Amino acid sequence: MRRYLIAGNWKMNKTNNEAIDLARRIVLNTKGIEKIDIVICPPFTALAPVYDAIKDSNVRPGAQNMYYEDEGAYTGEISGKFLKAMGCEFVIIGHSERRKYFSESDTDVNKKIKKALSFGITPIVCVGETLEEREKGKTADVVKKEIIGALQEQTDKEKIIFAYEPIWAIGTGKTAQPEDANKIHNLIRNIIKTDFGMDETVVRVLYGGSVNPSNAEALMSQPDIDGSLVGGASLDVKSFVEIITTSANLA
Ligand code: PGA
């Protein structure tokens, strides 16, 4: 049975004091929820105090990105080695904002996944189509290309978590219809099974894109949706906790 996972992607939000406060409230309000995994991904600057604030709780430490080299002359980058040393357990890789604004390619994504896995950090790999691609009927092709790029020459593939995030749904308030999202999740399972011989029944596939307390239940009850990568709504304790409790009730 796949465990639900709800991950909060705080993006470039929260100063350290704000981040500590939010983390403490999440811990307080999710006490005793053991049936699902709860992950938070604060900005790099807040990782240390936030990891400290969640250390004796059921909230797991995540990060939003990492570089694939361990150390060296890569100004501004943070390596998986550093994240591991801080206790990071999950890392978002290939978010569409990184692909778009920071020109991350499928090759970069592939290398980052490989490195994260080598440190025992679970990568949450994002895939998804733009509105234009969707309107041209290219969703399946785009998702397939990104999945294939991510999985080339990986070992430990079943440890990877995927997040289907239609780009037109991110931060826009528009969400994919639950049944439509489920179809893509199902497609992802088919690709990893037929192209990579993976056990598609164990790999977790999250949905992301304007998930909020009012649509969480319909999305999370889909058979192939195993949780969510939450952006905007994860910055608000009440909304994030509601999404978590809704998912825990379904688990
Ligand atoms: P959103 O972001 O929930 O604000 O749409 C999701 C994401 O980017 O992971």
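In this short talk I will go through the ligand site, the pockets and the cavity of this structure.

Before we start, please keep in mind that this is a predicted model, in which local features need pLDDT of at least 70 and side-chain atom pairs count only at pLDDT 80 or more, while totals for chains, interfaces and linings use all residues. Residues are numbered from 1 along each chain as its sequence is written, and side-chain values use heavy atoms, with hydrogens and water left out.

Let me begin with the ligand, which has 13 residues around it, the closest being Lys11, His95, Glu165, Gly171 and Ser210; a residue is counted here if one of its heavy atoms lies within 4 Å of the molecule. By class, this shell holds 4 nonpolar, 7 polar and 2 charged residues, where Ala, Val, Leu, Ile, Met, Phe, Trp, Tyr, Cys and Pro count as nonpolar, Asp, Glu, Lys and Arg as charged, and the others, Gly among them, as polar.

A pocket is an open set of points on a 1 Å grid over the protein atoms alone, with protein on both sides within 12 Å along at least five of seven lines; a cavity is a set where a 1.4 Å probe fits but cannot get out, and lining residues have an atom within 4 Å of a point.

The second largest pocket has a volume of about 200 Å³. Of its 17 lining residues, Gly171, Ser210, Val211, Gly231 and Gly232 are closest to the centre.

The largest pocket, at about 400 Å³, is lined by 14 residues, and nearest its centre are Lys11, Met12, Gln64, Arg98 and Phe102. Its lining divides into 7 nonpolar, 4 polar and 3 charged residues.

Finally, there is 1 cavity of 30 Å³ or more, and the largest cavity holds about 50 Å³ of space. Its lining includes Arg99, Cys126, Glu146 and Glu165, and by class it has 3 nonpolar, 3 polar and 3 charged residues.

Terms used: Points joined across faces, edges and corners; volume = space filled by probe spheres on them.
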